[in-house]
Amino acid sequence: MSWQKGIQRDRMDYASGPLNDKLKEMEGSLKEEDARYYLYKFLRNNIPFTCELFLGVRLFPFQAMAIKGMMISDYSMFVFSRGMSKTYSTAVYVLLECLLNPTANIGVIAGSFRQSKQIFQKMEDILGKPEAKLAKDCGVKITKGTDQWTMKIGGSRATALPLANGERLRGFRFNRIVLDEFLTIPEKIFNEVILPFLGVVENPVEREELHNLESRLIDKGEMEEKDRYVWPNNKLIILSSPSFKFEYMYKLFKKYENLILETADEKNIEDDEEDTSADDAYRLIMQLSYDCAPTRLYDQNLLKQAKATMSEMQFQREFGAQFVDESDGYFRLSKMAACTIPDGESPAVEVVGNPSDEYIMSFDPNWAGNTSADHFAMHVFKVLQEDQKVCLVHSYAVAGVSLKEHMTYFLYLITHFNMIGICGDYNGGVQFINSCNESQLFKDKNIEIGVIEIDIEKSENYHSDIISFKNEYNVKDKKYCILRKPTVNWIRNANELLQASIDHKRILFGSRAVDSHFDDQRKKNLPIDSLKWDTKITASSKGAKMIDFIDHQKSIIELTKSECANIEVTTNPQGSQSFNLPQNLKRQTGPNRARKDSYSALILGNWFAKIYFDSKHAKISKKTQDTFIPFTI
């Protein structure tokens, strides 16, 4: 571990050493006003003591450093290893800030509303213990709305908001913004919505009056320039695990690093989104790997298993808190990022399709009844007819629920998206489609999925197979499903096709739902209470579930890209290629193990899209008929 101060001036306002030494030297009694002042400063500067006194929480030294860093700095970035209690430390900071600062107005924002609410849930857990009696006696009030959770302590408040509706954020003003899981926050919303919050101060008139008064005193020689009152700046607190170097977070990390370490005349603030901040803004970066934490914080068996099962690059990123270059996998993350629609543009994720648009579904079935099993994966692609492309706009990946739950979700997709084709894995797909057709769920809706039994395997028969598909294909009767047998030859061809589709941007990944599109999707009518899209769903209102459901779609699309990036190609002695997870990832166990089911469903969807587009342009060649009939003379 190393500590670099950089060129920034010291901020001793929160230093505990000098204050504690001064208090030790005091003798006699203090006036009540002075006693209150010094008690407040003592509590503010001695964070570990205050935490234990008010919250009954004992902090590790690195946690105390992080919380004090949040209080001191104007712009802070915390890049922590997995399991380094980012959410817990943030919850403690928010509570302390509200307790110690009567004007604190804190915005807690994350890529998903669920993550924002987790910080509040941690605060509730802390306040729910008997040891937190002093904090509760201060009058803590937490209210939980559909799309806003608020905690008030006196005149201070903290508000958790869903990020997705960027327009709604514009109506709030915060003097402290906490961004949890920064990797999931779009660059556009960060720059255009969140950062402008920091450019507006709460008391501009008071600041101007004091500045003019100080200027007159300086002109009279009664005060020096260096003695001007330094108003506290608004604060931005960023928390995240590290990213790949091609992602925006690393760019911001390096910008902070340069501003902290370089000399003033070397600062490159051109096009800096923080130009509106004061030149004396104090920045902080804390980058902590697992070996900076106390040994008691981590399960050592977990660490050993992670080292044995993860690749070196993955372990460095997840536990070493290091920014890494992207892997040399068969599918490049940077290229998939280039295929991702920028936030605010369309197509974006959808929970109900547009009736005038057309959609394709793919699925890789698995219904083992435990959370450690493979996912049952489903994808919905919007068909862009004019460009001959498809865009992934809806995804599902769940393990450990019953077959009926999967069938219910499958039915929801068919009835809420204008499906023109379905493609599934033959292994398990036959049983699943038959189960659906025979179920009361589908019979009540008078829906029966027809399967087109066609090979489409040999290149020399491709045209005739496409014509056969075109002849049998019937959207009105829902005879539009292909169950693909995963032969060795098809697997290689389908993976090469997906790689080419990514390279040439023939397959796209939908953007996050924001602004008016987010509001429009929230108002859609769907059976949200009967859908099981995540085994960790907590009981909440229908409105709150809709927000979580929309946020969840982007998360699963990102999971799909991550699964693709993990795929490696191996060749056996017979020359056959295998597309699979690396051996170290295949050895993982448990509910959070690496999987490839969403990748498999993506392969199927992309392959079916090609079949569909080719069939649209395929023409039946007319056979020449001879009109001459030979005869005997």
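**Notebook: helix contacts and ring pairs**

I started at Met123, which I found in helix α6 (residues 113–127). I take helices (H or I, at least four residues) and strands (E, at least two) as DSSP runs, numbered from the N terminus. The model is a predicted one: local features need pLDDT of at least 70, side-chain atom pairs count only at pLDDT 80 or more, and totals for chains, interfaces and linings use all residues. Residues are numbered from 1 along each chain as its sequence is written, and side-chain values use heavy atoms, with hydrogens and water left out.

**Entry: Met123**

I looked up the accessibility of Met123 and noted it as buried, with a relative accessible area of 0%. Buried means under 20% relative accessible area, exposed over 50%, and partly exposed in between (1.4 Å probe, protein chains only). Leaving aside neighbours within four places in sequence, I list Ala91, Val94, Leu95 and Met151 as in contact with Met123; contact means heavy atoms within 4.5 Å. I also took the C-alpha separation of Met123 and Ser89, which is 10.0 Å for residues 34 apart along the chain.

**Entry: α4 and α5**

I next checked helix α4 (residues 61–72) against helix α5 (residues 86–100): they pack at about 50°, with axes 10 Å apart. Axes are lines fitted to C-alpha atoms, for helices over the stretch in contact, and angles run from 0 to 180 degrees between N-to-C directions. That angle makes α4 oblique to α5. Angles under 35 degrees count as roughly parallel, over 145 as roughly antiparallel, 65 to 115 as roughly perpendicular and the rest as oblique. I noted the crossing of α4 and α5 as right-handed; a crossing is left-handed if the near helix is turned anticlockwise from the far one by less than a right angle, and right-handed if clockwise.

From α4, the contact uses Gln63, Ile67, Met70 and Met71, and from α5 it uses residues including Ser89, Tyr93 and Leu100. I sorted the residues of this α4 and α5 contact into eight nonpolar, three polar and one charged. Here Ala, Val, Leu, Ile, Met, Phe, Trp, Tyr, Cys and Pro count as nonpolar, Asp, Glu, Lys and Arg as charged, and the others, Gly among them, as polar.

**Entry: α20 and α21**

I then took helix α20 (residues 515–522) and helix α21 (residues 542–566), whose axes come within 10 Å and cross at roughly 125°. This makes α20 oblique to α21. I recorded the crossing of α20 and α21 as right-handed. Phe518, Gln521 and Arg522 of α20 meet Met546, Ile547, Ile550 and Asp551 of α21. By class I count four nonpolar, one polar and two charged residues in the contact of α20 with α21.

**Entry: ring pairs**

I found 34 aromatic pairs in the structure. Rings of Phe, Tyr and Trp (its six-membered ring) pair if their centres lie within 6.5 Å; planes under 30 degrees apart count as stacked, over 60 as edge-to-face and the rest as tilted. Phe253 lies in helix α11 (residues 248–261) and Phe323 in the loop between α13 (312–318) and α14 (333–338), so the pair ties together parts 70 residues apart in sequence. I noted both Phe253 and Phe323 as buried.

For Tyr359 and Phe417 I have centres 5.1 Å apart and planes at 75°, so the pair is edge-to-face.
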